[in-house]
There are 2 protein chains.
Amino acid sequence: MAKDQFVNQIADIEEDFPRWYTDVVLKTGLVDYGPVKGTMVIRPYGYAIWENIQKELDARFKATGHKNAYFPLLIPYSFMTREAEHVEGFAPEVAVVTVGGGEKLAEPLVIRPTSETVIGEMYSKWLQSYRDPPLLSNQWANVVRWEKTTRPFLRTSEFLWQEGHTAHATEEEAMEETMKMLGVYKEFAENCLAIPVFTGRKTEKEKFAGAVATFGMEAMMHDGKSLQAGTSHYLGQNFSKAFNIQFLDKDGTHKYAYTTSWGVSTRLIGALIMAHGDARGLVLPPVVAPIQAIVIPIAAKKEGVLEAAHSLCARLCAAGIRAETDASDNSPGWKFNEWEMKGVPLRIELGPRDIEAGKAVLVRRDTHEKTEAALDTIAETVQALLAEIQANLLALARERKEKRVIRAETVQELLAGVEGGNFVKAGWCGCRECEDAIKEQTAASARVIAENEHADVCVCCGKKAKHVVLFARAY
Amino acid sequence: MAKDQFVNQIADIEEDFPRWYTDVVLKTGLVDYGPVKGTMVIRPYGYAIWENIQKELDARFKATGHKNAYFPLLIPYSFMTREAEHVEGFAPEVAVVTVGGGEKLAEPLVIRPTSETVIGEMYSKWLQSYRDPPLLSNQWANVVRWEKTTRPFLRTSEFLWQEGHTAHATEEEAMEETMKMLGVYKEFAENCLAIPVFTGRKTEKEKFAGAVATFGMEAMMHDGKSLQAGTSHYLGQNFSKAFNIQFLDKDGTHKYAYTTSWGVSTRLIGALIMAHGDARGLVLPPVVAPIQAIVIPIAAKKEGVLEAAHSLCARLCAAGIRAETDASDNSPGWKFNEWEMKGVPLRIELGPRDIEAGKAVLVRRDTHEKTEAALDTIAETVQALLAEIQANLLALARERKEKRVIRAETVQELLAGVEGGNFVKAGWCGCRECEDAIKEQTAASARVIAENEHADVCVCCGKKAKHVVLFARAY
């Protein structure tokens, strides 16, 4: 009955996936709606996932030579207008500050929707001689983009992210950086989020406003739709010309730098939820789960049980496992279901008979498999099981990713493919008209251009194909 | 000569301390001015200090049961007006967003100057029954307060901080929390920043707008002025009444919660600089220094020297020491001075003769003391020296703090005291007029009320003293 109560709290995952998503994010305490339309409050359980994501990514950024810095939230409006494509893309969605300290401002300020402009301005100051590049910065920050339709984590007026910004002496180095960071994201997505991704170049239509080329990683969600989980932009000299980022080269001439930017955001939490979740709620990969193992005392009022649960939990924590004990007054059944809904990878049940027998019962969230473990080596057993769960989630996601990619020769096939929850590869002539027509007819967009794949003709116009493109409906 | 060049880059610390400060923060690459007046860019060397501060504080917050969360940047203007004192204090300094997504907003939004209001709104939703309190949240965030006179780290239109917000069932618990977090700050300031502080209650004039009582910690800077380094506010039911934060108690009645808030900011970096800096520049305490030990190869072009320096550095890093090697083309003399200016606690010189003799030369930043250390046990030696440096910086700061507190019986003595670079304790009748008059005549303000100290009469009006107050000129 307790289980039914919990499952009834969330919509059926197969029947109404959008409702399931909203139910899950709210009822597991990941997030709440903020008072201003389109904003979200990231609650402790959600924020802890973000902290784990930050920790993993931050170490990778530092290992690749990047340093964190912090650039201002407020940007002069005029900065936005210096790069033609950039202003076209971002001006419609900025929040504008017009009053400060009780007075109307001489120049309005925008809240950063992204920081290429303000960082460009600083780089033009810091980059002087050929000794200075590369400049390799990253910042963890909030950004604001006014959105009409919003959903927690997936699309909100304010979100948290990291944005890397680098400046290089040559095109080659900037392109190498762009691809290196795409690779960092891909490795992180697979090994930490257990989400295998498609990576590749974006079409002109889908690229970042102001980039020469955008490379993205796309993740397949439970419903077969795609979620853009991270992007890495090669900006060429677009921003260095707009912000005069030049250095005096060895040959005595001033040269414009080549810049890049790359980012991932709290969207990744949405990706996690929609990639791994099931009918019972969240399923969190151990690497980023706030709580990796929940200890549940059985017959907790019996002498010594609660103490044994706390002591077991303390031992797990000492071994570096994020463990907690649920010592609340709720029934064990209630607790089982609540922590299942919250996606904790491993449940540990400990009752009087277990204690007597020197063991505990372990239940996996991913497979629901039940095993017993000796208490004296339980930390090692838990570590090993967590690693297995992590690997299994990746394997399951990989299986789906591979099974659900089909090929289409006609727009009809493409439509049928995406309606069946697939990603669809198809030939494309390279023109915007066909890309728009496909979107119009199938609601699928070009996610990335597939590398080293061949098609004879464009799925839309039948002319010679220039690329094979991965199409999907997307969040 | 190299040394002179470096020292000449910064103003004389005794003659022009404000200029010295500006020179040091800019020339050591801690910070730069942002494009919008009053904003700052925190550069990697400055941000790394903030990361170390965050790491230390975050662990303390979590150990005391707090969880991180994230609340929206933008707050409906009307929220500000719900608590009378709060709006009076903050409305004059907010930045106001009036346009979003190309349209004029129906209700203007303020960029958070602090988050009591928006968090109050959420707490009113989350706090339902007597089982819910305490709510113990913290957020790491940026805030904006429009300031007329700004200085990097000390007072800027945007700054980074943490703000803790808690809600409790009883007055006692809320007051206990307020004092507990003041204690956490004090312990952190002393053990991590090596800055001993005065703590105590603020006067009505100096308290947080909307608090029942504010408790602050005040740190003595090199010039004898005080810097408010952190505050902890007991908010009583002011915000719970304004935002309807109620819970259904066991007795079946609805009760308003008692709330607290507490914060420290990037101002702490300013405190570090002004508490420990000397004529040569920064002096950073090892616990928060971005680089704890800098390895400088001597005759770096001789075979094996650079390799030995890198390998020594790697061994230090492996032992958990934040070490770097300066392998640049600059001369050793240049490097010595540059890293001194940047305040690195320990310099390690390694030349061909040192390598042959199996040793290195260690030079302390705080005392300039030079010692030799055997290479095979150098990690332990460095760890021990860093601990000594940390302790010595605290001892020096403590000595100054104790030596430079005097007692005044008249406003003249108080004026002479603060002009001599002292904190001054004096009797105070408790009335606002005397507090204002003292400020007017001495430029000193009431920093905190001294506990358990007695004075017969008010230093200003001569009437019966209610408190002994610590007065100082302040940043």
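Met40(A) lies in strand β2 of chain A, which covers residues 40-42. The model described here is a predicted one. Leaving out residues up to four places away in sequence, Met40(A) touches Val31(A), Tyr33(A), Gly34(A), Pro152(A) and Thr156(A). A further pairing across the sequence is that of Met40(A) with Ser157(A): they are 117 residues apart along the chain, while their C-alpha atoms are 8.2 Å apart in space.

## Chain A as a whole

Chain A contains 15 helices and 23 strands. Its radius of gyration is 25 Å, close to the 23 Å that the globule rule gives for 475 residues, so chain A is as compact as a globular protein of that length. Along the principal axes, the C-alpha atoms of chain A fill a box of roughly 80 × 55 × 45 Å. Of the 475 residues in chain A, 52% are buried. Among the contacts in chain A with a separation of 6 or more, 67% join residues 24 or more positions apart.

## Two packed helices

Two packed helices are described by the angle between their axes and the distance between the axes. In chain A, helix α3 (residues 44-63) packs with helix α9 (residues 267-276) at an angle of about 105°, and their axes are 10 Å apart. The helices α3(A) and α9(A) are therefore roughly perpendicular to each other. On the side of α3(A), the contact is made by Gly46(A), Ile49(A), Trp50(A) and Ile53(A), and on the side of α9(A) by Leu268(A), Ile269(A) and Leu272(A). Sorted by class, the residues of this contact between α3(A) and α9(A) are six nonpolar, one polar and no charged.

## How the two chains are arranged

Chain B can be laid on chain A by a turn of 180° and a shift of 0.0 Å along the axis, with an RMSD of 0.0 Å. The two copies are thus related as by a two-fold rotation axis. In chain B, the C-alpha nearest this axis belongs to Val97(B), at 2.1 Å from it.

Which surfaces do the copies use to meet? Of the interface residues of chain B, 100% are also interface residues in chain A, so the copies meet through the same surface.

In this interface, 40 residues of chain B are in contact with 41 residues of chain A. Several elements of chain B each supply at least two residues to the side that touches chain A, among them β2 (40-42), α3 (44-63), β7 (135-144) and β8 (158-168). The largest share of that side, six residues, comes from β5(B). By class, the side of chain B that touches chain A holds 24 nonpolar, nine polar and seven charged residues.

Gly101(B) gives a local view of the meeting of the chains. Gly101(B) sits in the loop between β5 and β6 (103-111) of chain B. With its neighbours within four places in sequence left aside, Gly101(B) is in contact with Pro92(A), Glu93(A) and Trp146(A). Gly101(B) is partly exposed, with 16 other C-beta atoms within 10 Å. Within its own chain, Gly101(B) is 74 residues from Lys27(B) in sequence, and their C-alpha atoms are 40 Å apart in space.

## Backbone details in the loops

| Item | Backbone feature | Value |
|---|---|---|
| Pro133(A) and Pro134(A) | cis peptide bond | omega about -5° |
| Pro133(B) and Pro134(B) | cis peptide bond | omega about 0° |
| Asn244(B) | positive phi, not a glycine | phi about 55° |
| His368(B) | positive phi, not a glycine | phi about 65° |

Pro134(A) has its place in the loop between α6 (116-126) and β7 (135-144) of chain A. Pro134(B) is found in the loop between α6 and β7 of chain B.

Asn244(B) belongs to the loop between α8 (238-242) and β12 (246-248) of chain B, and Asn244(B) counts as partly exposed, with 17 C-beta neighbours inside 10 Å. His368(B) is in the loop between β18 (359-364) and β19 (370-374) of chain B. Is His368(B) buried or exposed? With 10 other C-beta atoms within 10 Å, His368(B) is exposed.

Methods
Residues are numbered from 1 along each chain as its sequence is written. Chains are lettered from A and ligands numbered from 1 in the order in which they are written. This is a predicted model: local features need pLDDT of at least 70, side-chain atom pairs count only at pLDDT 80 or more; totals for chains, interfaces and linings use all residues. Copies are superposed by least squares on the C-alpha atoms of residues with pLDDT of at least 70 in both. Two residues are in contact if their C-beta atoms, placed from the backbone, lie within 7 Å. Helices (H or I, at least four residues) and strands (E, at least two) are DSSP runs, numbered from the N terminus. The radius of gyration is taken over C-alpha atoms; the globule rule is 2.2 Å times the number of residues to the power 0.38. A residue is buried if 20 or more other C-beta atoms lie within 10 Å of its own, exposed if 12 or fewer, and partly exposed in between; C-beta atoms are placed from the backbone. Axes are lines fitted to C-alpha atoms, for helices over the stretch in contact, and angles run from 0 to 180 degrees between N-to-C directions. Angles under 35 degrees count as roughly parallel, over 145 as roughly antiparallel, 65 to 115 as roughly perpendicular and the rest as oblique. Ala, Val, Leu, Ile, Met, Phe, Trp, Tyr, Cys and Pro count as nonpolar, Asp, Glu, Lys and Arg as charged, and the others, Gly among them, as polar.
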